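Here are a few exercises to work through with the model open in your viewer. Try each task before you read its solution.

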Amino acid sequence: MERSIIYLWICAFAVVHGNQETLAQPPISDKLPSLIKMNNDFAFHLYKRLVEMPDYQSKNIFFSPFSVSMALSELSLGAGGETKKQLLSGIGHNSSVFSTEEMHQMFRSLLEEINRRTGVDIDVGSALYVSNKLKPLPEFLEKMKAFYHSDGFTVDFSVKETLDKINMYVKKKTHGKIDQAVDDLESDTLLFLLTYIYFQGKWDMSFDPSKTHQSTFHVDTETTVPVQMMHQYASLKVYYDADLTSKVLCLDYNDSFSMFLAIPHIDISVEAKTIKDLEMAISRQHIEKWKTAVRKRKVNIYVPKLSLKTSYSLKEVLKGLGMADMFTNKANFTGISEEMSFISKASHKATLDIDEKGTTAAAVTRVSFSLLSYNPMSSLRFDSPFMIFITDQKTDSILFFGKVVNPAEK
């Protein structure tokens, strides 16, 4: 039988500005921390596979692991057999900790809790575009709506209007930051899955634009590029991670979200560390440690203004994480439809903007402290490759993750 196409697209977006009304928080499962650890571990696995890909080595990296794990979890609702086993294993699900039903329930609780935040503008959700030639199983659609509050649309993938509708939907959900999410669609596409996350906030302590100045960013030992460097001298949250030989800066937004910046510390008393050393050694446990280890102290910080756009094909990355069958004729998505189908594409687009007021980030994806005899923290200058994380401090979720190698590379 001829196999049909399921087109997987995962969309995520983050921006830092804005306010919302205060809303009551829904109850959260006591197993939720286990889900968040699963998602965050997946974030590092995905990142380390991504930087191994030849096309992305020595490049800026920025993506939303949260949106990817959410899309794959949604996809598992319709998967069966070995395909489902690979999906669940790939995202790190452990049935001895919580069942798949509990996983979907906790995603729902997490999504509802995040969407009720104050002080920042954040919106997380998904959409499902179904071909008018496909007869999806009602149970799959019901679960997508119940667990992930997914919007549903029946469309004709053979007409350009469908492409325009999807792009308009993404543009609206990402407040214009991603206006061309999809360049083309195969006419025989049966299903298009889209997840998005939009985040907009302001720094707790904004930078003074008059102190922003032209400076130099050291891409490597031989290459430099000009940057607009923001400066601030204030009491800020910093930490020296001796395990990673790295300096850490935590910049809070005007709610429970934070951005962590980490850069290797050049210390003549120890072997020099590079950004490669840092990104290979870092893990979820380090981010968890930083949350409580950072301490306020008067420091000079220098952070470059950024405006980046990234785009990734995740097909080979996900295969490398053990999720191969869904891209082949071995795929089992009988929980979606009786039609024989497989994933044709899995892509991700992301944007990141950092300025004096705050941070703007967007992403679209298609499916211990050692006391030192000196003070290395009097100044933090992010003028060479560094890592970046946008986290939800209430739940410890890593929403966005990346590495800045060259801020001049748009």
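**Exercise 1: the largest cavity**

The largest cavity in this predicted model has a volume of about 80 Å³. Work out which residues line the largest cavity and which element gives the most to that lining.

*Solution.* Start with the list: the lining is made up of Asn40, Phe260, Arg284, Ile287, Glu288, Lys291, Thr391, Asp392, Gln393, Asp396 and Ile398. Next, sort by element. Two of them, α8 (284-293) and β15 (386-392), each supply at least two lining residues, and α8 gives the most, with four.

**Exercise 2: the largest pocket**

Now find the largest pocket and say which lining residues lie nearest its centre.

*Solution.* This pocket has a volume of about 660 Å³. Its lining counts 26 residues, and those nearest the centre are Val219, Thr274, Ile275, Ser384 and Pro385. Going by element, β9 (257-264), α7 (275-281) and β14 are the ones that give two or more residues to the lining. Going by class, you'll find ten nonpolar, eight polar and eight charged residues.

**Exercise 3: two crossing helices**

Describe how α1 and α4 are placed relative to each other, and what their contact is made of.

*Solution.* Two packed helices are described by the angle and the distance between their axes. Take helix α1 (residues 32-50) and helix α4 (residues 100-114): their axes come within 10 Å and cross at roughly 90°. Angles of 65 to 115 degrees count as roughly perpendicular, so that is the label for α1 and α4. Now the side that meets: α1 brings Leu32, Leu35, Ile36, Met38 and Asn39, while α4 brings Met103, Met106, Phe107 and Leu110. Sorted by class, the residues of this contact are eight nonpolar, one polar and no charged.

**Exercise 4: helix α3**

Pick out the buried residues of α3 and say which helices they pack against.

*Solution.* In helix α3 (residues 81-91), the buried ones are Thr83, Gln86, Leu87, Leu88, Gly90 and Ile91. They pack against α1, α2 (65-76) and α4.

**Exercise 5: leucine 380**

Is leucine 380 buried or exposed, and what does it touch?

*Solution.* First place it: leucine 380 sits in strand β14 (residues 379-381). Its relative accessibility is 0%, so leucine 380 counts as buried. Leaving out residues up to four places away in sequence, leucine 380 touches Val238, Lys247, Val248, Leu249, Val299, Asn300, Ile301 and Tyr302.

Note on methods:
Residues are numbered from 1 along each chain as its sequence is written. This is a predicted model: local features need pLDDT of at least 70, side-chain atom pairs count only at pLDDT 80 or more; totals for chains, interfaces and linings use all residues. Side-chain values use heavy atoms; hydrogens and water are left out. Axes are lines fitted to C-alpha atoms, for helices over the stretch in contact, and angles run from 0 to 180 degrees between N-to-C directions. Angles under 35 degrees count as roughly parallel, over 145 as roughly antiparallel, 65 to 115 as roughly perpendicular and the rest as oblique. Contact means heavy atoms within 4.5 Å. Ala, Val, Leu, Ile, Met, Phe, Trp, Tyr, Cys and Pro count as nonpolar, Asp, Glu, Lys and Arg as charged, and the others, Gly among them, as polar. Buried means under 20% relative accessible area, exposed over 50%, partly exposed in between (1.4 Å probe, protein chains only). On a 1 Å grid over the protein atoms alone, a cavity is a set of points where a 1.4 Å probe fits but cannot get out, and a pocket is an open set with protein on both sides within 12 Å along at least five of seven lines; lining residues have an atom within 4 Å of a point. Grid points are joined across faces, edges and corners, and a volume is the space filled by probe spheres set on the points.
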